[in-house]
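Hello,

I am passing this structure on to you. My notes on what was found follow below.

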Amino acid sequence: ETENALVLQFTGWDRLLVLRTSITIPYSQITAASVRPEVVQHWYPQGAKVGANIPGIVKKGTWYYWNGTSEFFFVCNTERTIRIDVTPNSDVSIGKFTIEVPEGDTPEQWVERIRGRIVNRAPTVQRHEG
(Lines give C-alpha, C1' and ligand atoms only; values in the text may rest on other atoms or scores of the structure.)
Protein backbone atom coordinates (compact mmCIF):
# COMPACT_ATOMS: atom_id res chain seq x y z
CA GLU A 1 0.00 0.00 0.00
CA THR A 2 1.23 3.46 -0.85
CA GLU A 3 -0.21 6.88 -0.11
CA ASN A 4 -1.84 7.04 -3.55
CA ALA A 5 -2.59 3.41 -4.37
CA LEU A 6 -3.56 0.03 -3.04
CA VAL A 7 -0.94 -2.54 -4.07
CA LEU A 8 -1.81 -6.23 -4.16
CA GLN A 9 1.21 -8.54 -4.32
CA PHE A 10 1.23 -12.24 -5.18
CA THR A 11 3.82 -14.90 -4.42
CA GLY A 12 4.37 -18.60 -5.07
CA TRP A 13 1.52 -20.56 -6.63
CA ASP A 14 -0.73 -17.51 -6.46
CA ARG A 15 1.49 -15.81 -9.06
CA LEU A 16 0.88 -18.72 -11.41
CA LEU A 17 -2.89 -18.67 -10.84
CA VAL A 18 -3.34 -14.93 -11.40
CA LEU A 19 -0.48 -14.51 -13.92
CA ARG A 20 0.71 -11.37 -12.13
CA THR A 21 3.23 -10.43 -9.50
CA SER A 22 1.24 -7.40 -8.37
CA ILE A 23 -1.68 -5.10 -9.13
CA THR A 24 -1.70 -1.39 -8.32
CA ILE A 25 -5.09 0.30 -7.90
CA PRO A 26 -4.90 4.11 -7.61
CA TYR A 27 -7.23 5.39 -4.88
CA SER A 28 -8.39 8.10 -7.29
CA GLN A 29 -10.01 5.38 -9.46
CA ILE A 30 -11.87 3.61 -6.65
CA THR A 31 -15.60 4.34 -6.72
CA ALA A 32 -16.92 1.94 -4.06
CA ALA A 33 -15.88 -0.71 -1.55
CA SER A 34 -18.02 -3.37 0.10
CA VAL A 35 -17.58 -6.09 2.70
CA ARG A 36 -18.32 -9.74 1.85
CA PRO A 37 -19.91 -9.14 -1.55
CA GLU A 38 -22.74 -11.46 -2.49
CA VAL A 39 -21.23 -12.18 -5.91
CA VAL A 40 -18.52 -14.35 -4.32
CA GLN A 41 -21.10 -16.60 -2.69
CA HIS A 42 -22.40 -17.70 -6.10
CA TRP A 43 -19.07 -18.64 -7.74
CA TYR A 44 -20.73 -18.31 -11.13
CA PRO A 45 -18.71 -19.52 -14.13
CA GLN A 46 -20.00 -17.20 -16.90
CA GLY A 47 -17.44 -15.69 -19.24
CA ALA A 48 -13.84 -16.60 -19.93
CA LYS A 49 -11.28 -16.86 -17.16
CA VAL A 50 -7.56 -16.73 -16.70
CA GLY A 51 -6.97 -18.42 -13.36
CA ALA A 52 -8.55 -21.11 -11.20
CA ASN A 53 -12.13 -21.71 -10.12
CA ILE A 54 -13.00 -24.65 -7.89
CA PRO A 55 -16.50 -23.73 -6.64
CA GLY A 56 -16.60 -23.19 -2.89
CA ILE A 57 -12.83 -23.64 -2.52
CA VAL A 58 -10.85 -21.16 -4.59
CA LYS A 59 -11.49 -18.46 -7.16
CA LYS A 60 -8.34 -16.66 -8.29
CA GLY A 61 -7.68 -14.85 -11.53
CA THR A 62 -9.38 -12.54 -14.01
CA TRP A 63 -12.85 -13.21 -15.42
CA TYR A 64 -13.79 -11.63 -18.74
CA TYR A 65 -17.56 -11.44 -19.14
CA TRP A 66 -19.50 -11.55 -22.38
CA ASN A 67 -20.76 -7.98 -21.84
CA GLY A 68 -17.20 -6.60 -22.13
CA THR A 69 -16.53 -6.11 -18.41
CA SER A 70 -13.90 -7.90 -16.35
CA GLU A 71 -13.40 -8.74 -12.71
CA PHE A 72 -10.39 -9.91 -10.70
CA PHE A 73 -10.86 -12.51 -7.95
CA PHE A 74 -8.45 -13.59 -5.24
CA VAL A 75 -10.63 -15.62 -2.86
CA CYS A 76 -10.51 -18.79 -0.79
CA ASN A 77 -12.46 -17.74 2.31
CA THR A 78 -15.58 -15.79 1.31
CA GLU A 79 -16.01 -14.47 4.87
CA ARG A 80 -12.76 -12.50 4.52
CA THR A 81 -13.54 -10.79 1.20
CA ILE A 82 -14.03 -7.24 0.04
CA ARG A 83 -15.03 -5.86 -3.33
CA ILE A 84 -13.45 -2.77 -4.83
CA ASP A 85 -15.16 -1.06 -7.77
CA VAL A 86 -12.97 1.12 -9.94
CA THR A 87 -13.28 3.31 -13.00
CA PRO A 88 -11.24 1.42 -15.59
CA ASN A 89 -8.67 3.30 -17.70
CA SER A 90 -5.39 2.59 -19.44
CA ASP A 91 -3.63 1.89 -16.11
CA VAL A 92 -6.30 -0.37 -14.59
CA SER A 93 -8.49 -2.17 -17.15
CA ILE A 94 -10.42 -4.30 -14.64
CA GLY A 95 -13.65 -2.82 -13.25
CA LYS A 96 -14.04 -4.86 -10.05
CA PHE A 97 -11.63 -6.50 -7.66
CA THR A 98 -12.91 -9.12 -5.20
CA ILE A 99 -10.14 -10.06 -2.83
CA GLU A 100 -9.58 -11.87 0.43
CA VAL A 101 -7.93 -9.69 3.06
CA PRO A 102 -4.82 -11.00 4.83
CA GLU A 103 -4.98 -12.72 8.22
CA GLY A 104 -4.70 -10.19 11.04
CA ASP A 105 -7.05 -7.71 9.35
CA THR A 106 -10.80 -7.78 8.93
CA PRO A 107 -12.73 -6.93 5.76
CA GLU A 108 -14.27 -4.02 7.65
CA GLN A 109 -10.82 -2.62 8.48
CA TRP A 110 -9.76 -2.78 4.84
CA VAL A 111 -12.91 -1.07 3.58
CA GLU A 112 -12.52 1.71 6.16
CA ARG A 113 -8.85 2.15 5.23
CA ILE A 114 -9.71 2.35 1.53
CA ARG A 115 -12.53 4.76 2.26
CA GLY A 116 -10.14 6.99 4.19
CA ARG A 117 -7.69 7.04 1.27
CA ILE A 118 -10.08 7.79 -1.57
CA VAL A 119 -9.21 11.18 -2.99
CA ASN A 120 -11.89 13.83 -3.69
CA ARG A 121 -14.93 11.60 -3.56
CA ALA A 122 -17.39 10.16 -1.10
CA PRO A 123 -17.16 6.38 -1.59
CA THR A 124 -20.03 3.99 -1.22
CA VAL A 125 -19.43 1.41 1.50
CA GLN A 126 -21.88 -1.43 1.64
CA ARG A 127 -22.12 -4.50 3.83
CA HIS A 128 -23.39 -7.74 2.37
CA GLU A 129 -24.23 -10.69 4.58
CA GLY A 130 -23.89 -14.06 2.91
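Is Arg115 buried, partly exposed or exposed? Arg115 is partly exposed, because its relative accessible area is 39%, and the cut-offs are under 20% for buried and over 50% for exposed. Please keep in mind that this is a predicted model.

Arg115 also forms a salt bridge: its partner is Glu112, with 3.1 Å between the closest N and O atoms. Both residues belong to helix α3 (residues 107-117), where they sit three residues apart, about one turn of the helix. Glu112 is likewise partly exposed, at 42% relative accessibility.

As for the chain as a whole, there are three helices and nine strands. Starting at the N terminus, the order is β-α-β-β-α-β-β-β-β-β-α-β. The chain has 130 residues, of which 42% are buried. Of the contacts between residues at least 6 apart in sequence, 53% join residues at least 24 apart.

The structure has eight salt bridges. One of them pairs the side chains of Arg36 and Glu79 at 3.8 Å, N to O. This pair links distant parts of the chain, 43 residues apart: Arg36 is in the loop between β3 (30-35) and α2 (38-42), and Glu79 is in the loop between β6 (70-75) and β7 (81-86). Arg36 counts as buried at 8% relative accessibility, whereas Glu79 is partly exposed at 42%.

Another salt bridge joins Arg113 and Asp105 (3.6 Å, N to O). Arg113 is partly exposed at 31%, and Asp105 is partly exposed at 23%.

Regards

Key
Residues numbered from 1 in each chain as written. Predicted model: local features only at pLDDT ≥ 70, side-chain atom pairs only at ≥ 80, totals over all residues. Heavy atoms only, no water. Helix = DSSP H or I, 4+ residues; strand = E, 2+ residues; numbered from the N terminus. Buried < 20%, exposed > 50% of the residue type's maximum accessible area, 1.4 Å probe, protein only. Contact = heavy atoms within 4.5 Å. Salt bridge = Lys/Arg side-chain N within 4 Å of Asp/Glu carboxyl O.
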